[in-house]
Amino acid sequence: MRLVNADQVEQVVGGLLGAVDVDGGATDEQLSILRALTTHVWARPDLDLAIVAPLGPAEVASAIGGTDAVRRFHYLLVLLELCRHPLTEAQDAQVRAYADALSLDSIGLEFCRDLVAEGVEVARADHDRFEVNLRSAQVERQYRDVPLRDDLTDPDLVARILSFERLPEDTLGYALTRFYADHGLDVPGASGTTLNYIFAAHDMNHVIAGYEPVAAGELALGAFQMGMNDSEVSWILCLTNLAIHEAGVIQLGDIAPKHETLSRPGVADMFGRAMARGVATTGDFAAADHLAMAEWPLAQVRAHYGVPPLDA
């Protein structure tokens, strides 16, 4: 994202176009996602995808090999693969050719390969095996030493969060309580799940970034966090959101799988804007001690991390 230099954008876009040129060509959804990225993330609305020359695997490797653009190309390659419905053997084979040319390997590529070749259950196992190793980095900071058990509730955490209702209405903590009330969500700790302390952090990130806990908002938050810091943790969160809300193959708690969310009107553009907004954010708040900032005005939290306005 931010390390795809201006002079590499057309090469990256050409490579991505080549990677989805199968089964009669790129789908409308794949093109809408790529158009949103070129317009918002790379500020190149002038790029006409109909006339950009697709690049083959060897051409892409020659053009961007050995640069930071490879890692970003890698993530977007998986994103576009998951936006083809149905995901076909031809699409996966094409992506594999680009991955091989650039010596790429990742959970995302493995997830897609097994989704096509082995089915949903094997792909889910791929995801879960990788995700569990990154859970500690997703936990709300003050709870990282607390065991993650699926039979463990935490009434003290519930009481602590609900106590934020007494804070001034402009604070982060109060906004978090409204987030749960407005969307009819259980406060983390009320149910026994290994995700309680992860949800506490995740929901704070929703409030700070300003995205709603619906399918489009979850995808936007994943894109935002990838733009803000494209770390392994951000990537697994983005991949999880895609697996739940785009590919429809994973259920997380009570969150039911959904298909083709990015094909809905305006959602691809929202995704691109969210990623660009994350790139423009000057600090990474995803793993911050959110609870320590509960009494801060929400506007102060956003200013501290340089979060652009939601409509920017």
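Does A43 count as buried or exposed, and at what relative accessibility? The points below take this up with other features of the model.

1. Basis. This is a predicted model, in which local features need pLDDT of at least 70 and side-chain atom pairs count only at pLDDT 80 or more, while totals for chains, interfaces and linings use all residues. Residues are numbered from 1 along each chain as its sequence is written, and side-chain values use heavy atoms, with hydrogens and water left out.

2. Residue A43. A43 counts as exposed because its relative accessibility is 55% (exposed means over 50% relative accessible area, buried under 20%, partly exposed in between, with a 1.4 Å probe and protein chains only). A43 sits in the loop between α2 (28–41) and α3 (57–64). Its phi is positive, about 50°, although A43 is not a glycine. Most residues other than glycine have a negative phi.

3. Residue S103. A positive phi, near 55°, is also found at S103, a residue other than glycine. The loop between α5 and α6 (107–117) holds S103. With 68% relative accessibility, S103 therefore counts as exposed.

4. Cis peptide. H85 and P86 are joined by a cis peptide bond, with omega about -5°. P86 belongs to the loop between α4 (69–82) and α5. Most peptide bonds are trans.

5. Residue R96. Helix α5 (residues 89–101) contains R96. R96 is buried but has no salt bridge (a side-chain nitrogen of Lys or Arg within 4 Å of a carboxyl oxygen of Asp or Glu). D92 is the nearest side chain of opposite charge, 4.2 Å away. Apart from neighbours within four places in sequence, R96 is in contact with L109, E110 and R113 (contact means heavy atoms within 4.5 Å).

6. Fold and dimensions. The chain has 14 helices and zero strands (DSSP runs, numbered from the N terminus: helices are H or I with at least four residues, strands E with at least two). The radius of gyration is 20 Å, which agrees with the value near 20 Å for a compact globule of 312 residues (taken over C-alpha atoms; the rule is 2.2 Å times the number of residues to the power 0.38). Along the principal axes, the C-alpha atoms fill a box of roughly 60 × 40 × 35 Å.

7. Burial and contacts. Of the 312 residues in the chain, 53% are buried. Among contacts between residues at least 6 apart in sequence, 71% join residues at least 24 apart.

Terms used:
Lys, Arg positive; Asp, Glu negative; His and termini not counted.
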